[in-house]
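Here are my notes on the model you sent. Please read them with the structure open.

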Amino acid sequence: MSGTILILGACGQIGTELTLALRDKYGTDQIVASDIRRSDLAELQNGPFEILDASNADALRAVCEQYKVHTVYHLVAMLSATGEKFPMKAWDLNMQSLLHVLELAREGIIQKIFWPSSIAVFGPTTPKEHTPQQTIMEPSTVYGISKLAGERWCEYYFNKYGVDVRSIRYPGLISWKSQPGGGTTDYAVEIYYKALEEGRYTSFLSEHRALPMMYMDDAIRATIELTEAPVEQVKVRNSYNLAGISFDPVTIAASIAGHIDGFEMDCVPDFRENIAASWPASIDDSAAQADWNWQPEYDLEAMTAAMLGNLKVKLGL
Ligand code: AKB
């Protein structure tokens, strides 16, 4: 590959870990991190960093030209719960920034794009269990609507202009290095912090509200594997279903209680329960498995051990 890699949204939950993983793989100078603010994480400071608003097309173009960017990982988005509070802002941010990046690829300024979609593209009329790659998609959140529209734009730019854009429908992502913000699946990260800090947690989803989830190490590996897969293996150009682990609050709480004596959880569902109720409980990712050999490594037990072990050190407990 000649040219650098640009990460948009490098200070976010996925962006932080993807930047570090790609810098490990390709060397610090090859990876340009960007966000609207600087990261507090010292590790992200070592290497090229640009303050960049991805919805500003001119600023984005200038950074791509300055660093001779080959591949853009576009990780800027307003997630489901915040999106319901600010629908127009969510739509503008989520759509404009994607269209700017697609246009840069159409013009040949960049050569490849990774853009994340989400299980939020599905809705209440979608089959709930083992949701297929192709099925009914009638999302009921503004975030889901923007992700579904984004998927259609990605496929359109691929079919019409040959733009090499690749995408995954991420489940809820669980990580210890950086926290999520504004999502419906965020409870599954908060619960580990509260378990260690307070020995108890109040979930904003109901006891048996199962959702598709994934440990961040698996998600980062999937992201890089798909983006680097030989072009002929990438047969889905809207977005790939991706499955890791499916669980509900009661099940993750039991897994944590196996490590922390006396840990307790209660449930006080809020507006996010309705969002979660509209999403699948589990995902069929056989297309990703068949096309680019996707296999997750972490089950719930391995994830809980990794989260608690790493957070204990991070929080100095
Ligand atoms: C959210 O909860 O909004 C996100 C997602 C599933 O895309 N984590």
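1. Strand 1 (residues 4-8) is mostly covered, with five of its five residues buried. Note that this is a predicted model.

2. In a regular strand, side chains alternate between the two faces of the sheet. For strand 1, both faces are covered. T4, L6 and L8 lie on one side and I5 and I7 on the other, and all are buried.

3. Which strands pair with strand 1? One is strand 4 (residues 69-74), which runs parallel to strand 1 and is joined to it by five bridges. Within this pairing, I5 stands opposite T71 of strand 4.

4. Strand 2 (residues 31-35) also pairs with strand 1, in the parallel sense and over four bridges. Here the bridge partner of L6 is V32 in strand 2.

5. The axes of helix 3 (residues 57-66) and helix 5 (residues 87-106) come within 10 Å and cross at roughly 45°. Helix 3 and helix 5 are therefore oblique to each other. The crossing of helix 3 past helix 5 is right-handed.

6. Which residues meet where helix 3 and helix 5 come together? Helix 3 contributes A57, L60, R61 and C64, and these meet H100, V101 and L104 of helix 5.

How values were computed
Residues are numbered from 1 along each chain as its sequence is written. This is a predicted model: local features need pLDDT of at least 70, side-chain atom pairs count only at pLDDT 80 or more; totals for chains, interfaces and linings use all residues. Side-chain values use heavy atoms; hydrogens and water are left out. Buried means under 20% relative accessible area, exposed over 50%, partly exposed in between (1.4 Å probe, protein chains only). Helices (H or I, at least four residues) and strands (E, at least two) are DSSP runs, numbered from the N terminus. Two strands pair if DSSP finds at least two bridges between them. Axes are lines fitted to C-alpha atoms, for helices over the stretch in contact, and angles run from 0 to 180 degrees between N-to-C directions. Angles under 35 degrees count as roughly parallel, over 145 as roughly antiparallel, 65 to 115 as roughly perpendicular and the rest as oblique. A crossing is left-handed if the near helix is turned anticlockwise from the far one by less than a right angle, and right-handed if clockwise. Contact means heavy atoms within 4.5 Å.
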